[in-house]
Amino acid sequence: MIALKYRAKALEVYTLCEMLHKLGYEIKISDSFTLEVDEAVKDFQEKNSLVSDGNVGIKTWQVLFDKSSKIFSSNGLFLSEADLIDFSQAHNLELAAVKAINEVESSGKGFLINGKPKILFEGHVFWQQLLHRGINPEHILTSENKNVLYPKWTKAFYQGGVKEYDRLNEAIAISSDSRVKEAALASASWGSFQIMGYHAVSLGYASVQDFVDKMYLHEREHLKAFGKFLEVNNIMTDLRNRNWEKVAQKYNGESYKLNKYDQKLEKAYEKYS
């Protein structure tokens, strides 16, 4: 693991937050090393006879892993080299291209350290999914559920990591109506490639629940869903042709230019080839 400190932004910070949260620190789980994370790290260091400076180097990582050795339950759920090779052969793609898109477009890993697939719940999507199922969200909106049900996108209510399951469950609990549960599951993005649940049927799954059940099985299933998404949205041909600009545009929208996704894909491809 790389060394981390206050104001760092990296996937490793997300793992750090997951570990600290599992060890009892009530922090927001994200890839940003905030002041809140810094204070938690310093407290952890002090309680474990380390230098309390907030810098997460080899010693702090070692103690974190020692303390967390019994909480990791997702090691057997990760993609292997063979999975990527099988995917490349099944879709007539270069292995280097598959590795590039897996590196750039995946969320780093598809499972939390408690063994559940990684999710992000979107309250504005929940609003639309309820409407799609004939339920007026304004009729069930209260001050208690406004953090999971709102008409316009905002990241203000994101909690990250396992806390997103708290938000998902809160949405499901709004009503015993099965349509509400389905709408809630459809309103979260799932797994390594953060595919929204509402894509389930268009990708060939029997239902949203069927898609969600598959996401619990293995990152291999996340990759399969990603392959279906690439096919349905006509991205696979662009990937075969290594048209990185088209791949990035279709997958990420026009925002790909701001984040230079096309350049990241091309650079990753060159590395693996």
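Helices (H or I, at least four residues) and strands (E, at least two) are taken as DSSP runs and numbered from the N terminus. The structure is a predicted model, in which local features need pLDDT of at least 70 and side-chain atom pairs count only at pLDDT 80 or more, whereas totals for chains, interfaces and linings use all residues. Residues are numbered from 1 along each chain as its sequence is written, and side-chain values use heavy atoms, with hydrogens and water left out.

The loop between H1 and H2 holds Ser30, and Ile29 is found in the loop between helix H1 (11-22) and helix H2 (35-47). With a relative accessible area of 4%, Ile29 is buried, a term that means under 20% relative accessible area, with exposed meaning over 50% and partly exposed in between (1.4 Å probe, protein chains only). Not counting residues up to four places away in sequence, Ile29 touches Tyr14, Cys17, Glu18, His21, Gln159, Gly160, Gly161 and Val162, where contact means heavy atoms within 4.5 Å. Between Ile29 and Trp190 there are 161 residues in sequence and 16 Å in space, C-alpha to C-alpha. Ser30, leaving aside its neighbours within four places in sequence, is in contact with Val13, Tyr14 and Cys17, and its side chain reaches the backbone nitrogen of Ser32 at 3.2 Å. A polar contact is a pair of N or O atoms within 3.5 Å; within protein, one must be able to donate a hydrogen and the other to accept it, and residues adjacent in sequence count only if both atoms are side-chain atoms.

A serine in another loop was examined in the same terms. Ser192 lies between strand E2 (188-190) and strand E3 (195-196), and at 5% relative accessibility Ser192 counts as buried. The side chain of Ser192 reaches the backbone nitrogen of Gly110 at 3.3 Å, and the residues that Ser192 touches, not counting those up to four places away in sequence, are Glu105, Ser106, Ser107, Lys109, Gly110, Glu219 and His222.

Helix H6 (residues 123-132) has 7 of its 10 residues buried, so H6 is largely enclosed by the rest of the structure. The buried residues of H6 are Gly123, His124, Val125, Phe126, Trp127, Gln129 and Leu130, and they pack against strand E1 (119-121), H7, H8 and E3. Just after H6, Gly134 takes a positive phi of about 80 degrees.

Helix packing was described by axes, which are lines fitted to C-alpha atoms, for helices over the stretch in contact, with angles running from 0 to 180 degrees between N-to-C directions. Helix H7 (residues 163-172) and helix H8 (residues 178-186) pack at about 155 degrees, with their axes 8 Å apart. H7 and H8 are therefore roughly antiparallel to each other; angles under 35 degrees count as roughly parallel, over 145 as roughly antiparallel, 65 to 115 as roughly perpendicular and the rest as oblique. In this pair, Leu168, Ala171 and Ile172 of H7 meet Val180, Lys181, Ala184 and Leu185 of H8, and the residues of the contact divide into 6 nonpolar, no polar and 1 charged. In this division Ala, Val, Leu, Ile, Met, Phe, Trp, Tyr, Cys and Pro count as nonpolar, Asp, Glu, Lys and Arg as charged, and the others, Gly among them, as polar.

Helix H14 (residues 261-272) packs with helix H5 (residues 95-105) at an angle of about 135 degrees, with the axes 8 Å apart, and H5 and H14 are therefore oblique to each other. The contact of H5 with H14 comprises 10 nonpolar, no polar and 5 charged residues. The axes of helix H12 (residues 244-252) and H14 come within 8 Å and cross at roughly 125 degrees, which makes H12 oblique to H14. Trp244, Glu245, Val247, Ala248 and Asn252 of H12 make this contact with Tyr261, Asp262, Leu265, Glu266 and Tyr269 of H14, and by class there are 6 nonpolar, 1 polar and 3 charged residues.

Most residues other than glycine have a negative phi. Asn234, although it is not a glycine, has a positive phi of about 55 degrees; Asn234 lies in the loop between helix H10 (219-232) and helix H11 (236-240) and is exposed, with a relative accessible area of 55%. Lys260, a residue other than glycine, likewise has a positive phi, near 55 degrees. Lys260 is placed in the loop between helix H13 (256-259) and H14 and is partly exposed, with a relative accessible area of 46%.
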